[in-house]
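Colleague: I've just opened this one and could use a quick tour. Can you walk me through it?

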Amino acid sequence: MGGENGVMVFNVGGSYYALRNRCPHSGGPLGRGVIRPHVISNGVGHFEFEREAEILKCPFHNWEFDIATGCALYDPSMRAKTYPVAVEDGQVVLTLG
């Protein structure tokens, strides 16, 4: 996880993604958040789950971010910094900078 300003690497269905461990909304430690599905509803008392394990919820104010893009689900102008990730010779390689 790499501390307060570290980088987190996620394996989502065999694809790797990296996000900075800092919420763009409030500076919270995203690495302490919960990975969850996206919850959708078409009315009171009805809900469904989609995109299992693709959403990261910030522990400070419950903002939800798409792990693949870093975008906040309900405010696309807010985005966690992302980094390129590749698998080379069986090793996960993260490119910073």
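Predicted model: local features only at pLDDT ≥ 70, side-chain atom pairs only at ≥ 80, totals over all residues.

Colleague: Which rings are in the pair, and why is it edge-to-face?

Modeller: They belong to Phe47 and Phe49. The ring centres are 5.6 Å apart and the planes stand at 75°, so the pair is edge-to-face. The cut-off for that label is over 60 degrees.

Colleague: Are Phe47 and Phe49 buried or exposed?

Modeller: Phe47 is exposed. Phe49 is exposed as well.

Colleague: Let's zoom out. How many helices and strands are in the chain?

Modeller: Zero helices and eight strands. Read from the N terminus, the order is β-β-β-β-β-β-β-β.

Colleague: Which strands form an open sheet?

Modeller: Three strands do, in the order 1-2-6, with antiparallel pairing. Strand 1 (7-12) and strand 6 (82-83) are the edge strands. Each of them pairs on one side only.

Colleague: How many bridges join strand 2 and strand 6?

Modeller: Two bridges, in the antiparallel sense. Strand 2 covers residues 15-20. Leu19 has Thr82 in strand 6 as its bridge partner.

Colleague: And strand 7, what does that pair with?

Modeller: Strand 7 (residues 85-88) pairs with strand 8 (residues 91-94). That pairing is antiparallel too and runs over four bridges. Glu88 stands opposite Gln91 in strand 8.

Colleague: What do strand 7 and strand 8 form, and what about the turn?

Modeller: They form a hairpin, with two residues between the strands. Asp89 sits in the turn and has a positive phi of about 50°.

Colleague: Switching topic. What box do the C-alpha atoms fill?

Modeller: Roughly 50 × 30 × 20 Å, taken along the principal axes.

Colleague: How many residues are in the chain, and what percentage count as buried?

Modeller: The chain has 97 residues, and 29% of them count as buried. The chain exposes about 6,000 Å². Carbon and sulfur atoms supply 50% of that area.

Colleague: What share of the contacts links residues 24 or more positions apart?

Modeller: Such pairs make up 34% of the contacts with a separation of 6 or more.

Colleague: Last one: how many positive and negative charges are there?

Modeller: There are 8 positive and 10 negative charges.

Key:
Residues numbered from 1 in each chain as written. Heavy atoms only, no water. Phe/Tyr/Trp six-rings, centres within 6.5 Å; stacked < 30°, edge-to-face > 60°. Buried < 20%, exposed > 50% of the residue type's maximum accessible area, 1.4 Å probe, protein only. Contact = heavy atoms within 4.5 Å. Areas by Shrake-Rupley, 256 points an atom, 1.4 Å probe, with all protein chains shown as cover. Lys, Arg positive; Asp, Glu negative; His and termini not counted. Charge placed at Lys NZ, Arg CZ, Asp CG, Glu CD. Pairing = 2+ DSSP bridges.
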